[in-house]
Amino acid sequence: MKILDWYILKRYLGTFFTMILLFIPIGIIVDLSEKIDNMLEHKVPFEAVIGYYLDFTVYFANLLFPLFVFLSVIWFTSKLANKTEIIAFLSSGVSFWRFLRPYMIGAIIICIAALAMGLFLAPKASQGFNEFKYSYLKKGRKVQETKNVYRQLNDSIFLYANNFKPLDKSATDFTLEYFDGNVLKIKISASKIKFKDSIYELTNYVKRKILEDKDIIEKGKTKDTILPFNIDEFTPVTYVAETLNYTELSEFIEKESKRGSSDINRYKVVAYKRWSIPVSAFILTIIGVAVSSMKRRGGMGVNLAVGISLAFIFIFFDKVLGTLANQSDFPPVVAVWFPNISFGILAIYLLYNAKR
């Protein structure tokens, strides 16, 4: 690469990592100030707090990755513009598109890092982050469906429980129905079911096996048996999709789609965002260059004001459409990709005008 490429690329990546190192401690301090009373009240172990904030760092960085990129580009490009360095580059015969090349290289590097983080690192951090939150800070807060739980495991097996207790791995008023096509073949009912050591213990159970000419009924006080489902999958926690890596999440969504899960849109939003966040970082890089590459009256402050306003508009659309998809039949793919597509069009328009 040329001297110009190295100069801009080092400024780009250096400012980006400085921005992360600056904002993450601030985020930790703000979060700690909000939660310190709860932590002391629940006597949270120090090791658990340290683990939580390590996970928080990855979770926070992944969540705000595009914003960090955007602010970094605006910050150092505005400084270049105010010092008339950009004018010097372009006056020396360097075309505007050639000037963009190191930005694109930097954006590609950061997008690859964001993709790797979103697919593999962030899920593990999200699991630790959420488990800490609901284990220590929000004890008793509902994170799973526990009343009148109905699940379709596949085309043949249906489950129902009146009261599911995830911590005890038990449920009351349990029913399992096995169908062959549209014909009921086996029905198992129990006043209580409990999972322990890979075995299900049924209490006050009735097993009815339906044959062509008769029914075979088995009753008893208790029975240990093996059933074709995992009790942890009976009703997943609301944040389960965030804790799965790419392969696990794809398999989970396929399985939940077959079961007719009511939360399938929520899971798809998480899956699509794994890919959309790196793309949004790339788009916001282009917008940042277009907004801040010209020297303006008012200096860097004007560029930052315009950039931050665009960033908040982007975040607003992202959050509103994501919530809409989670709580309605609004297509998740549209909810996730609409901000990128609309801001991609804006990036092309701003870049064309900046070039002129």
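**Strands and salt bridges**

Modeller: Strand E4 and strand E5 (residues 199-210) run antiparallel and are joined by 10 bridges. This is a predicted model, in which local features need pLDDT of at least 70 and side-chain atom pairs count only at pLDDT 80 or more, whereas totals for chains, interfaces and linings use all residues. Residues are numbered from 1 along each chain as its sequence is written, and side-chain values use heavy atoms, with hydrogens and water left out.

Colleague: What makes E4 and E5 a pair of strands?

Modeller: Strands are DSSP runs of E with at least two residues, and helices are runs of H or I with at least four, numbered from the N terminus. Two strands pair if DSSP finds at least two bridges between them, and 10 bridges join E4 to E5, so they pair. Within this pairing, Lys187 has Arg208 in E5 as its bridge partner.

Colleague: Why is the contact of Glu177 with Lys187 called a salt bridge?

Modeller: The term requires a side-chain nitrogen of Lys or Arg within 4 Å of a carboxyl oxygen of Asp or Glu; the closest N and O atoms here are 3.9 Å apart, and therefore the pair qualifies. Glu177 lies in strand E3 and Lys187 in strand E4, 10 residues apart.

Colleague: How do you know that Asp31 is buried?

Modeller: Buried means under 20% relative accessible area, exposed over 50%, and partly exposed in between, with a 1.4 Å probe and protein chains only. Asp31 has 9%, so it is buried, whereas Lys187, at 29%, counts as partly exposed.
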